Amino acid sequence: MNTVAKQPLSTSPRVVILDEGYGGTDVEARTLASFGAQVIEMPCRGSADVVRRAVVNADAVLVRESPVDAVAIDAMPNCRAIVRYGVGVDNIDRVHAAACGVYVANVPDYGVEEVSDHALALLFAVARRIVTRDNAVRQGAWNVARTEPMYRMRGGTLGLIGYGRIARALHRKAQGLGYGRCLIFDPYLQAIPEGAEQVDLTRLAAESDVVSVHAPLTPDTHRIVDAEFVSRMKPTAILINTSRGGLVDSVALASALHDNRIFGAGLDVFEHEPPGTDNPFFSLDNVVVSDHTGWYSEQSVEDLRRKASEEIARVFSGQAPLNWVNRWGD
């Protein structure tokens, strides 16, 4: 067990929400009311310097996208927990937090249905060319089917990079659409689900009609969809990414889409967010984009805020968080 000493918890612990939250602090304050917590929202807009000032003397932190680095962690010697509103924790220095005895936790079990629905929505929009058809009809076009070829979805092969909760939900839904074959690349997968096959990335790229990316972003998975992967994809294949932009080599993908070497892509995430207006994907009519909104529904926001706050409540009560992601030795 990490033996870094902390002062006893204050009778009014300071809980800082970095970034703009989700419409106030009421859910968090209600969840932490029994500890007398002061819940403070501090918009940081991705600035490491602003984060470092905002977290001074915090007892716990809730964060979305802003970076929580070693300097920020050192500015709060009595911090007990940093909890990510969401799944990915690549914006938090987990190693340094562990060395300082600070739990890092996430919320991996919210928005599963929403993100898998969004992946399907992007797939439909790309496969059925919804955006370009909408634009064409608005401009007076009609009966132009053969000018933009489309391909039947039923009977296709679904390729999944990563097979966590969201990928499992997408697999279930895709089966209902008639995707009878599923190829999975996930080195940590313990049991192969019925109707699926564990394969390497080479086979997944070459044989899938749809590739949907669901891996966490780590040094090992950074640009796991690289130029070689894209070059192996079918010319009729579609790439969907609702996970992290850094999992895909944007230059390689944009080049393939520009040259029509693959059919299209649906992207909810980008390597740099928000993307600039000069982003190369924005000029391509075989790409459908959204604003990292796959996780969202009113219900998922409530779930996320409550579950993130409950992790802090557990730590304040002397327990480890349920979803502890920077484990140190016993």
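Predicted model: local features only at pLDDT ≥ 70, side-chain atom pairs only at ≥ 80, totals over all residues.
Me: How many bridges join strand β1 to β2, and how do the two strands run?

Reply: Two strands count as paired when at least two bridges are found between them. Here, β1 (residues 14-18) and β2 are joined by five bridges and run parallel. Within that pairing, L18 stands opposite M42 in β2.

Me: What is the strand order in the open sheet?

Reply: The order is β2-β1-β3-β4-β5, which makes five strands with parallel pairing. Each edge strand, β2 (38-42) or β5 (103-105), has a single partner, so one of its sides has no neighbour in the sheet. On average, neighbouring strands are turned by 15° against each other, direction ignored.

Me: Which helix lies across β1, β3, β4 and β5?

Reply: Look for α11, residues 298-316. This helix runs at about 165° to β3 (60-63), on an angle scale that goes from 0 to 180 degrees between N-to-C directions.

Me: Which residues is L170 in contact with, leaving aside neighbours within four places in sequence?

Reply: Contact means heavy atoms within 4.5 Å. By that rule, L170 touches S116, A119, L120, L160, S212 and H214. As for H118, 52 residues from L170 along the chain, the C-alpha atoms of the two are separated by 9.5 Å.

Conventions. Residues numbered from 1 in each chain as written. Heavy atoms only, no water. Helix = DSSP H or I, 4+ residues; strand = E, 2+ residues; numbered from the N terminus.
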